[in-house]
Structure formats: structure tokens, C-alpha cells
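Keep the structure open as you read.

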Amino acid sequence: MDFYYLPGSAPCRAVQMTAAAVGVELNLKLTNLMAGEHMKPEFLKLNPQHCIPTLVDNGFSLWESRAIIAYLVEKYGKDDKLYPKDPQKRAVVNQRLYFDQGTLYQRFADYFYPQVFAKQAPVPDNEKKMLDALDFLNTFLKDSKYVAGDELTIADLSILATVSTFDVAKVDLSKYPNVASWYERLRKEAPGADINEAGCKEFAKYFEK
Ligand SMILES: N[C@@H](CCC(=O)N[C@@H](CS)C(=O)NCC(=O)O)C(=O)O
């Protein structure tokens, strides 16, 4: 299946880790946003919202990383461990995914992207909100091995892509010990962890500039 992506992009890395977890091979289509490749008519036909990651599975086009990773497990997973069918277990996984999308990653972007991509001054209130989100994650991990319980799920892969991006930005994770120990474990153990690490190195180039 075709996968439109950039290696540094956190949501793209979450999809690549999930594909590795379910054993699906992606036909990688590097999509240069800086060159406007996502605005070309042929890409807009696949995804009128013109964002990556975008997956095209035998003519079925899907975007939004967390929708993609759920689809990959539902369609190609050998079992439901990564995205449990039990309603309450799945509800917790969904809660963590929505937390990642709407709070954790969003607050990272709100704080860092204006500085990195528009050379604006840091906004202390946005930094506080971002660190509050890390504190929430630290609480979620207080009594469980993984972010949504005692099994690895797609919520771990999505949040690993996000937390490794915090690491690229040199956010001090040691103040959030449950997050730090989960991250150190997952960044080595997660399926496709090497792809995530390589992508982080690409993303780090934006922070070095
Ligand atoms: N919530 C989306 C975010 C996707 C996103 O923001 N992608 C960026 C690159 S990381 C993009 O494609 N930007 C170009 C655009 O939206 O036109 C997801 O998780 O897939």
C-alpha cells in the first residue's frame, strides 16, 4: 500500500511503527511539503485536506495518523492486542489517542512551532500548558506498564512518536519519571523503534537551525 510521508513527521512515524507491528509493508512515497508536493492536483485527489501521513490501500485513501493506525490493526492485525475490542479497554486506548492528538502533541506544537518555523519568541504560558500535559501522561503511567494498561497498544506508538519529538526539542523528561522510564523502554522495544529514531534525527535538523 502507498504511504505518503516525511521521515521526520511524528504522525508519519506513528504509522510506520504500527505498520512494523502488524507486519505490513509500506510503499514509501516521500512527500516534500517545502516543495508543495502535497498541493499538487494528484495528491489533492487522494487527500483534499493535503496533509501527511496519507495511506492508500488498494484505492482506499485515509489520513489522520490515529485513524490510520487503528485501521491497520483492525484490517491487518493478527489479534486485537494493539487495539482491544473489549469496549472499556478500547475506550481507554481511544482516550489516550485523543489526549495525544488534542492535548499532548497539540500543546507541543503550540509552544514550539511558532519558535521553530516562524522565529517567534517563546510564550511562557504555552510552555506551562505543554508541561502540564506531560504531567498528565506521567500520572497515566503511575500504575501501568504502558500508556493504556499493561499491554502495548497503538496509543503507545502514537505517544512514543510524540514524546520522542519532545526529546528532540530537549524538553527535560527526567522531571516526569514515569514518562522517562516508559520512553527509555519503548524507544528500544517498540516495533519499528529504529524507524522512529531515524525520523527523529531528521526532525532534529529543524531544531538545530
Ligand atoms: N492530526 C494529523 C496531523 C497531520 C499534519 O499536521 N501533517 C503535517 C506534516 S507533520 C502536514 O501535512 N502539513 C501540511 C498541510 O497540512 O498542508 C495527523 O495526526 O495525521
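The text below goes from the overall layout to the ligand and its contacts.

Begin with the chain. This is a predicted model. The chain is divided into two domains: domain 1 spans residues 2-76, and domain 2 spans 87-205. Their C-alpha centres lie 20 Å apart. The two domains touch each other. On one side, 17 residues of domain 1 take part in the contact, and they meet 21 residues of domain 2.

Now turn to the ligand. The space it takes is the largest pocket. Which residues are around the ligand? Ser9, Pro11, Leu33 and His38 are among them.

An N or O atom in the side chain of His50 is 2.8 Å from an oxygen atom of the ligand. Ile52 uses its backbone: a polar backbone atom of this residue is 2.8 Å from a ligand nitrogen atom. Glu64 uses its side chain, with a polar atom 2.8 Å from a nitrogen atom of the ligand.

How much of the ligand's accessible area does the protein cover? On its own, the ligand has 520 Å² of accessible area, and the protein covers 69% of that.

Definitions and conventions. Residues are numbered from 1 along each chain as its sequence is written. This is a predicted model: local features need pLDDT of at least 70, side-chain atom pairs count only at pLDDT 80 or more; totals for chains, interfaces and linings use all residues. Side-chain values use heavy atoms; hydrogens and water are left out. A residue is near a molecule or strand if one of its heavy atoms lies within 4 Å of it. A polar contact is a pair of N or O atoms within 3.5 Å; within protein, one must be able to donate a hydrogen and the other to accept it, and residues adjacent in sequence count only if both atoms are side-chain atoms. Accessible areas come from the Shrake-Rupley method with a 1.4 Å probe; for residues, only the protein chains shown count as cover. On a 1 Å grid over the protein atoms alone, a cavity is a set of points where a 1.4 Å probe fits but cannot get out, and a pocket is an open set with protein on both sides within 12 Å along at least five of seven lines; lining residues have an atom within 4 Å of a point. A molecule sits in a cavity or pocket if more than half of its atoms lie within 2 Å of its grid points. Domain bounds come from an automatic or database domain assignment. Contact means heavy atoms within 4.5 Å.
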